[in-house]
Amino acid sequence: MAVVETECIVLRSYDLADADKIALLLTADHGIVRAVAKGAKRLKSKFGGSLEPLSRLKASYFKKETRELVDLDRAEIIESAFDLVSEPEILTRFSYLTDILISLVPAEDPDPAMFRMMTACIETVRNRPEAIDSVSLYFEAWLLRLAGFFPSWDTCSICKVELGNGAEAHVTAEFQLICEGCRRSSGGEMLTADDRVTVARSRRQSPEAFSSERVAADSLTRLSSIFKRMIVRATGFERVDRALQAGVQGSR
């Protein structure tokens, strides 16, 4: 039986039997793990309030090769997320983002970049709650990119000519971009030059820097709609589909 110590973020927790809970943890170096927290529902549990969503922990757990679930032994709070989860809109939005992360990321698939991205997004919204829309867009873009579902938007998918910063482009049904010269019909959605600049910024900036620069409301709506359709295509995730059909950002 191996003992693992790691930093992690609580994605969600739910009841198991009378006194126990299962916690889904995004770890810094072991991906998403599902941990049994024995006695977590008891009044004097050693886990206390550490299993609240979005809390950042220093945890240790026991792992057996023959079991999918690990046994959580210790969970010390590094940074509580109580201030975030007490705001209904922010809790709902992060619940949606957490759901798509769980849908796109395989269990126990180490990805330190994913952990850093999640940590930075939580911290940005903690410092500036009004940035939740921009941070959600950033999260969607990076999650698609890290999970391998974001195609190259640097060149036309047909003629392979590089799309300049000021060029408009059209999004195909497969979410590839084509230049104006290769377009053969009036259908499809157009990305403006500003849309493409916004996507480029999301690739090179932190969520703090990205959300500090204003994104036009129509661009935010258009890009998030496209990203949600990408997520639906990749996962078949119904909650994303409902959010898209309702025409809302995230899951307000």
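Author: What follows describes the cavities, then the pocket. This is a predicted model, in which local features need pLDDT of at least 70 and side-chain atom pairs count only at pLDDT 80 or more, while totals for chains, interfaces and linings use all residues. Residues are numbered from 1 along each chain as its sequence is written, and side-chain values use heavy atoms, with hydrogens and water left out.

A cavity is a set of points on a 1 Å grid over the protein atoms alone where a 1.4 Å probe fits but cannot get out; a pocket is an open set with protein on both sides within 12 Å along at least five of seven lines, and lining residues have an atom within 4 Å of a point. Points are joined across faces, edges and corners, and a volume is the space filled by probe spheres set on them.

Two cavities of 30 Å³ or more turn up in the whole structure. The largest cavity has a volume of about 60 Å³. Its lining includes Ile9, Leu54 and Glu79, and helix α3 (residues 112-127) gives the largest share, four residues. Helices are DSSP runs (H or I, at least four residues), numbered from the N terminus.

The second largest cavity, of about 40 Å³, has Leu137, Tyr138 and Phe227 among its lining residues. Elements α4 (132-146), α5 (193-204) and α7 (217-235) each give two or more residues to that lining.

The largest pocket has a volume of about 230 Å³. Among the residues around this pocket are Trp153, Asp154, Arg196 and Arg204.
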